[in-house]
Amino acid sequence: MTVTTPRRFDGVYSVLVTPFTAAGGIDLDGVARVVDHAVDSGVTGVVTLGLASEVGRLTDDEREALVAAVVAAADGRVEVVAGTEHAAGAPAARRAAHAAGAGADALMAFPPAGAAEAQLVAYYAGITEASGLPVIVQDAPAWTQVRLSTDLLARVGREVPLARHVKVEAPPTPPRIAALHAAGLECIGGLGGLYLAEELDRGVTATMPGCLFPGVYVEMLRSHAAGDSQVVQRAYAELLPLTVSLMSSLDVFVAVHKHVLWRRGLIATPALRGPAQPPDARQLDWCVGLAERLTDRFLPRSRGTRPLG
């Protein structure tokens with residue numbers, strides 16, 4: 001789908017892990033099952049090749065295969081957002097063109113390290129020109145080591161209209177969202193939903209959490225839109241202990257997601273690609289225990305899958 005004017009993102013966009021087989025390749029059947037899980041949970045879209053997708057551990061061929069697999073599994077039922085970042089502009093643009101040709105609906109890219117302001121504007125312009133799709137600027141300095149000022153993001157949005165969307169992952173996110181909105185930008189929540197309740201009060205209409213419990217985030221956004229703050233606060237409070245543990249590191253976040261999805265029978269193995277620093281056995285047990293207590297409410301069991309625990 002080619003887009004020539006800015007758009008608004010609304011709803012939950014579930015960031016997918018990249019499951020692997022026992023032999024180390026991509027578990028394409030698992031990809032399809034995780035996409036189905038997100039669709040069945042009522043999400044607006046799914047995100048592949050995000051940070052939680054172990055994007056830095058994939059080859060270019062695997063990236064392309066993964067985008068194709070996610071688009072095929074989504075089958076038009078939900079939107080597909082594909083990551084297209086690179087340390088250089090031309091390869092990022094090529095990745096963007098491929099994702100658009102494969103059927104992605106939108107793109108996301110975090111900024112390259114060391115780029116001057118004008119170069120950063122050109123980087124996002126190249127991605128949108130190559131694809132014709134909206135691109136979400138991922139503002140995640142803890143992982144990218146790139147800090148983006150409000151003025152710089154506003155300049156990108158002015159000069160590259162299809163890049164006026166920011167996934168805000170630079171805490172404290174609520175005041176940053178307010179500043180970006182004042183600069184005319186659209187904001188999308190991130191950080192695994194860590195600040196989602198307050199972000200909704202700051203005007204966020206879309207969020208990109210993980211792929212364990214997408215249904216609860218759907219419930220939170222719908223309840224907020226309906227003016228039911230009690231439902232939002234209750235769900236947020238239930239999720240918060242697990243979310244805090246998951247956000248201790250990116251590898252912990254991915255490892256726990258994969259472990260729970262594997263125990264649910266949705267993916268072939270819980271393996272991460274190395275080098276990685278997954279949680280030790282005690283932290284993993286702690287997080288899985290928290291997930292078990294949320295399973296009945298947020299992750300309905302389906303016939304034929306292994307139960308948690």
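Let me start with two helices, α3 and α4, which are roughly parallel to each other, because angles under 35 degrees count as roughly parallel, over 145 as roughly antiparallel, 65 to 115 as roughly perpendicular and the rest as oblique. What we have here is a predicted model, in which local features need pLDDT of at least 70 and side-chain atom pairs count only at pLDDT 80 or more, while totals for chains, interfaces and linings use all residues. Residues are numbered from 1 along each chain as its sequence is written, and side-chain values use heavy atoms, with hydrogens and water left out.

Helix α3 covers residues 89-102 and helix α4 residues 117-131, and they pack at an angle of about 30° with their axes 8 Å apart. Helices here are DSSP runs (H or I, at least four residues), as are strands (E, at least two), numbered from the N terminus, and the axes are lines fitted to C-alpha atoms, for helices over the stretch in contact, with angles running from 0 to 180 degrees between N-to-C directions.

Which residues make the contact? From α3 they are G89, A92, A93, A96, A97 and A100, and from α4 they are Y123, G126, I127, A130 and S131, where contact means heavy atoms within 4.5 Å. These residues divide into eight nonpolar, three polar and no charged; Ala, Val, Leu, Ile, Met, Phe, Trp, Tyr, Cys and Pro count as nonpolar, Asp, Glu, Lys and Arg as charged, and the others, Gly among them, as polar.

I127 leads us to the largest nonpolar core, which has 97 residues, and inside which Y124 and I127 have the most contacts. Such a core is a set of buried Ala, Val, Leu, Ile, Met, Phe, Trp, Tyr and Cys residues joined through side-chain atoms within 4.5 Å, and buried means under 20% relative accessible area, exposed over 50%, and partly exposed in between, with a 1.4 Å probe and protein chains only. Leaving aside neighbours within four places in sequence, I127 is in contact with T84, A92, A93, A96, L107, A109 and V135.

Let me turn to R63, which is found in helix α2 and counts as buried at 5% relative accessibility. Not counting residues up to four places away in sequence, R63 touches several residues, including L49, T84, E85 and R95.

Finally, is E169 buried or exposed? E169, in the loop between β6 and α7, is buried, with a relative accessible area of 6%.
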